[in-house]
Amino acid sequence: MGLLERCEELFKSSNLYEVLGINKEASEKEIRRSYYKVSLKVHPDRAPEDPLATEKFQVLGKLYAVLSDTEQRAVYDEQGVVDEESDALSEDRCWGDYWRLLFPKITVQDILEFENKYKGSDEERKDVIQLYVQHQGNMDVIIASAMCCSQEDEPRLCGIIQAAIDSEEVQSFPAFTKESDKKKKARRKRANKERQEAEEMQKEMGLGDEDDSLVMMLKQKQKSREQNFNSFLSDLEAKHCKKSGPQKGKKSKK
């Protein structure tokens, strides 16, 4: 399966720019920042509850490799294809190392500080509104796609969206304004199940009741790793960079 097909499967869009939440005219700096934001969201150690996190992380690495390369980006923009056999998309490449090369000083504390600054910011508001428009008010997808977001943040995100609707900044989508109670309850049920699984993981990791957050779980994992590694990301190659078999075909199309 080619890069565009994998993007469609994992991110519900085969448009590389849409996956990063940017437009085709985005600058190199904007592409890099968006890649950083989205890759943090699916970082295998940041999203332990997502069984597809590792695959998403690797696909995002390939996506960025295309859009950060002037020639490959030009071909994609003009023809809508990606050269799957280019050196940049080599299956032997370790995308964890690639990420660390781009962001060498990122630590758990950096991630936590980013979350604290991001929540409630104008940047978050812009991202939430963009998700609302992109997914036409589907809160299931919006909650799943929003950065630094959990079920507890839903009322806050709904407030952001409703304010934008009231001010006529965005249109009113029935999926949002007329969402059924049944669908809302199903979403809460899924969230409660994930919370229970996180609590079970807590117990396995030996955390106390007062450490009932993902933040504390990440810190515990960091402490354990530091016994053998110098940083939070040092073990990505061993854990998350598995080689896969060769792909057929030279190019994938939009």
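Tyr76 counts as buried because its relative accessibility is 0%, where buried means under 20% relative accessible area, exposed over 50% and partly exposed in between (1.4 Å probe, protein chains only). The model is predicted, so local features need pLDDT of at least 70, side-chain atom pairs count only at pLDDT 80 or more, and totals for chains, interfaces and linings use all residues. Residues are numbered from 1 along each chain as its sequence is written, and side-chain values use heavy atoms, with hydrogens and water left out.

A search of the whole structure finds four aromatic pairs; rings of Phe, Tyr and Trp (its six-membered ring) pair if their centres lie within 6.5 Å, and planes under 30 degrees apart count as stacked, over 60 as edge-to-face and the rest as tilted. One of these joins Tyr17 and Tyr76 in a tilted arrangement, at 6.0 Å centre to centre and 45 degrees between the planes. This pair links distant parts of the chain, with Tyr17 in helix 2 (residues 16-20) and Tyr76 in helix 5 (residues 70-79), 59 residues apart. Helices (H or I, at least four residues) are DSSP runs, numbered from the N terminus. Tyr17 is also buried, at 4% relative accessibility.

The pair of Tyr35 and Tyr64 is stacked, because the ring centres are 4.5 Å apart and the planes lie at 10 degrees. Here, too, distant parts of the chain are linked: Tyr35 sits in helix 3 and Tyr64 in helix 4 (residues 53-67), 29 residues apart. Tyr35 is buried at a relative accessible area of 1%, and Tyr64 is buried at 6%.

Turning to helix 3, its buried residues include Ile31, Tyr36 and Leu40. Elsewhere, Tyr132, Phe173 and Phe176 form one aromatic cluster.

Conventions:
Helix = DSSP H or I, 4+ residues; strand = E, 2+ residues; numbered from the N terminus.
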